[in-house]
Amino acid sequence: MFYVDSHIHLQDYTTQDVNNIVTAAKKNKVQILVNASAHPQDWNKVAQLAAQYPFLIPAYGVHPWHIADAPDNWLVKLKKMLEKNPRAWVGECGIDRLKNKDVASQLKILEPQTVLAREFRRPLIIHSVKADEILAKLFPLLPKRTIFHSFTGSAEWGKKIQSHGFFIGLNFSVLRKKNAAQIIQSLDFSQILLETDGPYQSGTPNEETLPQNLPLLAEQIAALKQISADELMMQLTQNWQNFYGES
Ligand SMILES: [Zn+2]
């Protein structure tokens, strides 16, 4: 049994050294980390970290917050990144209507990334904020192995995602929701993964979330689901194998 941090941005830490972060994570049974990029300027750094640490899985994508500054050739470059590394995922990408009301321009960047993920048979990481209906329409375009990361949505939305076979990524932000228990209890735990989204989602200004805290997150989520932390860890290990099939 082990933990996987299914979503982190190691290149974004400002107060911690990456080597210390991953060493402490491993000591706390976090064996694999999916290191997500947000824009093409990140990609080389993400590739470099993946080369340095074999337990990192790189993800390359254009996040909806960064669509305006993506260079014209981003899609060609993304294809090359995926060709270079057969383990690489696509993401993070998605729709964020809280940050940007212009859905059309976000779709223009998101859709080609879903196509690439399917074409290359890679998992896809989706960032979805206030975009349930738009993304529901895109379900047929998404690869089977899609994860809706940093889920804080309604029980209904969670059910809809999972009924299509997609996974849900949970981090500390869900625990800050007033109806956290209801959300957690309504989810099918055979289709969840945990994540930190570090350095983000700490809930405390200027504090960077660390993957070594993943067992603590698991403990709190298990309590809300009324199962033991060990049971959850066993389920998560199985889920990882079902989602990614790499141990
Ligand atoms: Zn993220």
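**View A. Strand 2 and strand 3 (residues 56-60) run side by side in the parallel sense, joined over four bridges.** Pairing here asks for at least two DSSP bridges between two strands, and the elements themselves are DSSP runs numbered from the N terminus (helices: H or I, at least four residues; strands: E, at least two). Look for Ala36, which stands opposite Ala59 in strand 3. Together with helix 2 (residues 40-52), strand 2 and strand 3 make a right-handed β-α-β unit; right-handed means that, with the strands pointing away from the viewer, the path from the first strand over the helix to the second runs clockwise. This is a predicted model, in which local features need pLDDT of at least 70, side-chain atom pairs count only at pLDDT 80 or more, and totals for chains, interfaces and linings use all residues. Residues are numbered from 1 along each chain as its sequence is written.

**View B. Strand 1 (residues 3-8) pairs with strand 2, also in the parallel sense over four bridges.** Here Ile8 stands opposite Asn35 in strand 2. Helix 1 (residues 18-27) carries the chain from strand 1 to strand 2 in a right-handed β-α-β crossover.

**View C. Strand 2 (residues 30-36) is largely enclosed by the rest of the structure, because five of its seven residues are buried.** Buried means 20 or more other C-beta atoms within 10 Å of the residue's own, with C-beta atoms placed from the backbone.

**View D. Helix 9 (residues 214-225) packs against helix 10 (residues 229-244) at an angle of about 110 degrees, with the axes 8 Å apart.** Axes are lines fitted to C-alpha atoms over the stretch in contact, and angles run from 0 to 180 degrees between N-to-C directions.

Methods. A residue is buried if 20 or more other C-beta atoms lie within 10 Å of its own, exposed if 12 or fewer, and partly exposed in between; C-beta atoms are placed from the backbone.
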